[in-house]
Amino acid sequence: MRSLASIACTLLALILSACGGGGDGSAGGTAPLSLSAAAQVGEKLFNDPVLSGTGTQSCASCHVKANHHAASDTRSVPAGAEAGHEAGRQAPSLQYLKFNTAFFFDKDGTPTGGFTWDGRANTLAEQAAGPLLNPNEMANTSIEDVVAKLRRSRHADEFRQVFGAGILDTPADAFARLLYALQQYQLEDPDFAPFSSKFDLWQAGKVALSAAELRGWSLFNDPAKGNCAACHVSTGVNGNPPLFTDNTYDVLGVPRNPDIQANANPAYHDLGLCGPVRGDLAGRSDLCGAFRVPTLRNVAMTAPYFHNGAIKTLTDAVRFYVRRDTHPEEWYPTDANGVVQKFNDLPPAYHRNVNTTEAPYNRKPGDAPALNEAEIADLVSFLQTLTDGFAP
């Protein structure tokens, strides 16, 4: 059996040869009006539950088109294909990921780019492999297992027409082309980057924002108040409208979520960049607890929030940012002595990694939060303008 690294090389060759059209998952131009043959079969397989271990779950089960390609339920993390299993992390929206890049460290050493919460995948194609082979998600046992199911799919003949009559006889090559097809669908279908929110129409001068939304926009950008734009960049890049992320990583000290099965073991900790899912940065203790900054586009529709789904509403997510340090008792449990167990989802050795220097985190108990309740409401009003599909 060929390794995933070998399959990644096959994918790179496919991308460079533009087999079926598309791109490489990095920043690019406007999506085409019609999908390539590879993207068309990719769309069908994205929605086909036959590719899961039980035949009951597809990519679309956790990335629902009608909900901006995010999960449509309120579970902290998605249920797996097999009963009693669940994904370890919240299912984020797949929208606007086409503008992301492979993982790298910038000139200042800041981790940037990469797909999934810990950036371990370098393309949308590599990202697609994770759920397919994860026993707690789509629950296939191997690449050969996935391709055997692909042969039984009602889309198998179309897959052969696109990639060759004998493609399904070589599992490693077939798997690489499956991932490529899934990637091309996400790169080419305009639904993955519609830029159709009220914010976009406002930027184009076609609608006006309300007074509350304008106040929220100001708070979003004010470095002494919300300071959201420090990570959720509100200016366009490479000719694109704002993506509301810089695709870097931050350690926020989000509360531990007892609803996640793995957290029943007090010794288990999801440390993001330094493991345990990602393994190549296990020695970088300074990165433990860091997760990728997601886009805020459609954030009002994609609850729950953060990598572990610990915060259930958008208003509470904003409250957490501004009250985490001034009122930690609102977010963290207390021990037998009544002491607040701040940053309780990180081992104490990594508490030093938590961002406590930038506004609005640069406060302590007794200080006033960076935003009061009225300002929180205004900021939420602005964030709601980022929902695509706005009709004036």
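**Labels and the values behind them**

Author: Start with a helix and its cover. This is a predicted model. In it, α11 is among what covers the buried residues of α10. Those buried residues are Leu-314, Ala-317, Val-318, Phe-320, Val-322 and Arg-323.

Reader: Why are α9 and α11 called roughly perpendicular to each other?

Author: Look at the angle. The axes of α9 and α11 cross at roughly 100° and come within 7 Å. Angles of 65 to 115 degrees count as roughly perpendicular. The value falls in that range, so α9 and α11 are roughly perpendicular.

Reader: Which residues of α9 and α11 meet?

Author: From α9 come Ala-212, Glu-213, Arg-215, Gly-216, Trp-217, Leu-219 and Phe-220. From α11 come Glu-375, Asp-378, Leu-379, Ser-381, Phe-382 and Leu-383. By class, this contact has seven nonpolar, two polar and four charged residues.

Reader: How do the axes of α4 and α7 cross?

Author: Helix α4 covers residues 124-133, and helix α7 covers residues 171-188. Their axes come within 8 Å and cross at roughly 120°. The crossing of α4 past α7 is right-handed. Among the residues in this contact are Leu-124, Ala-128 and Leu-132 of α4, with Phe-175, Leu-179 and Gln-183 of α7. By class, the contact has 12 nonpolar, three polar and no charged residues.

Reader: What makes Asn-67 buried?

Author: Its relative accessible area is 12%. Buried means under 20%. Asn-67 is below that cut-off, so Asn-67 counts as buried. Asn-67 lies in the loop between α3 (59-62) and β1 (104-105). Beyond residues up to four places away in sequence, Asn-67 touches Ser-72, Met-301 and Thr-302.

Reader: How do you know whether His-155 is buried or exposed?

Author: Use the cut-off again. His-155 has 10% relative accessibility, which is under 20%, so His-155 is buried. The loop between α5 (143-152) and α6 (156-163) holds His-155. Leaving aside neighbours within four places in sequence, its contacts are Val-41, Lys-44, Leu-45 and Asp-48.

Reader: Why does Ala-391 count as exposed?

Author: Exposed means over 50%. Ala-391 has 61% relative accessibility, so Ala-391 passes that mark and counts as exposed. Ala-391 lies in the segment after α11.

Reader: Which residues have the most contacts inside the largest nonpolar core?

Author: They are Phe-220, Phe-244, Phe-306, Phe-382 and Leu-383, in a core of 44 residues. The elements giving two or more residues to this core are α9 (211-221), α10 (314-323) and α11 (373-383). A second, separate core has 38 residues, including Ala-38 and Leu-132.

Notes
Residues numbered from 1 in each chain as written. Predicted model: local features only at pLDDT ≥ 70, side-chain atom pairs only at ≥ 80, totals over all residues. Heavy atoms only, no water. Core = buried A, V, L, I, M, F, W, Y, C linked by side-chain atoms within 4.5 Å. Buried < 20%, exposed > 50% of the residue type's maximum accessible area, 1.4 Å probe, protein only. Helix = DSSP H or I, 4+ residues; strand = E, 2+ residues; numbered from the N terminus. Contact = heavy atoms within 4.5 Å. Axes fitted to C-alpha atoms, helices over the stretch in contact; angles between N-to-C directions. Parallel < 35°, antiparallel > 145°, perpendicular 65-115°, else oblique. Nonpolar A, V, L, I, M, F, W, Y, C, P; charged D, E, K, R; others polar. Left-handed = near helix turned anticlockwise from the far one by under 90°.
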